[in-house]
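The following exercises concern contacts between side chains. Please study the sequence and the model before reading each solution.

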Amino acid sequence: MRMPILLTIPAVLVASPVLAQSATGSVEVDGVVAGRCLFGLPNATISLGEISLPGTGRLDVSKVNGRTATLNAWCNGAAATMTVTTTQLTTPTAAPGGFDNRVDYTGTASVTSGSASDSSLTAGAGTPANVGRFNGDILVTLSAASSPTGGLMVAGAYTGNVLVTLTPVN
């Protein structure tokens, strides 16, 4: 009698193949940049020199009007405003009758996208200008100089200020 020959096939070859399964995970990455404005060159000086007329002692408006200084700044948001606050040019020396110890003027700040101004007669009453996103120079110009009575100017050192404020709008 003949015996059947049994073939043994390894189980690995007989079993159906196991398919590798892959899985994917995801890591989201996010960040934020806040809207901001920054001055690269935040200070400048306009030196007017002698502001009275030598022959009359009264204010020489040509020494003030048209004088300029340049600040440099940027705002990175889609919206930003610029405001100007101008303070009088004054000396602490008292002004008796017929004399003035103050010069009023208008300060205007201009960028490519707009300008804002303020008069020292009503300091802080200027309207903000929408300047948006920009990077560059801000030209500050003085104009409309006057003294309260047109009197003689009191001797002394005079100081004033044009403050330019940039505010991002969120």
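**Exercise 1: a charged pair**

Arg 102 and Asp 104 form a salt bridge whose closest N and O atoms are 2.9 Å apart. This is a predicted model, in which local features need pLDDT of at least 70, side-chain atom pairs count only at pLDDT 80 or more, and totals for chains, interfaces and linings use all residues. Residues are numbered from 1 along each chain as its sequence is written, and side-chain values use heavy atoms, with hydrogens and water left out.

Task: Show that the pair Arg 102 and Asp 104 meets the criterion, and describe the exposure of each residue.

Solution.
1. A salt bridge requires a side-chain nitrogen of Lys or Arg within 4 Å of a carboxyl oxygen of Asp or Glu. The N and O atoms of Arg 102 and Asp 104 are 2.9 Å apart.
2. A search of the whole structure finds one salt bridge.
3. Buried means under 20% relative accessible area, exposed over 50%, and partly exposed in between (1.4 Å probe, protein chains only). Arg 102, at 24%, is partly exposed, whereas Asp 104, at 2%, is buried.

**Exercise 2: a sulfur link**

Task: Which residues does the disulfide join?

Solution.
1. A disulfide is a pair of cysteine sulfur atoms within 2.5 Å. The search of the whole structure finds one.
2. The disulfide joins Cys 37 to Cys 75, with an S to S distance of 2.1 Å. The link of Cys 37 and Cys 75 is right-handed, with 115° about the S-S bond.
3. Cys 37 is buried at a relative accessible area of 18%, and Cys 75 is buried at 2%.
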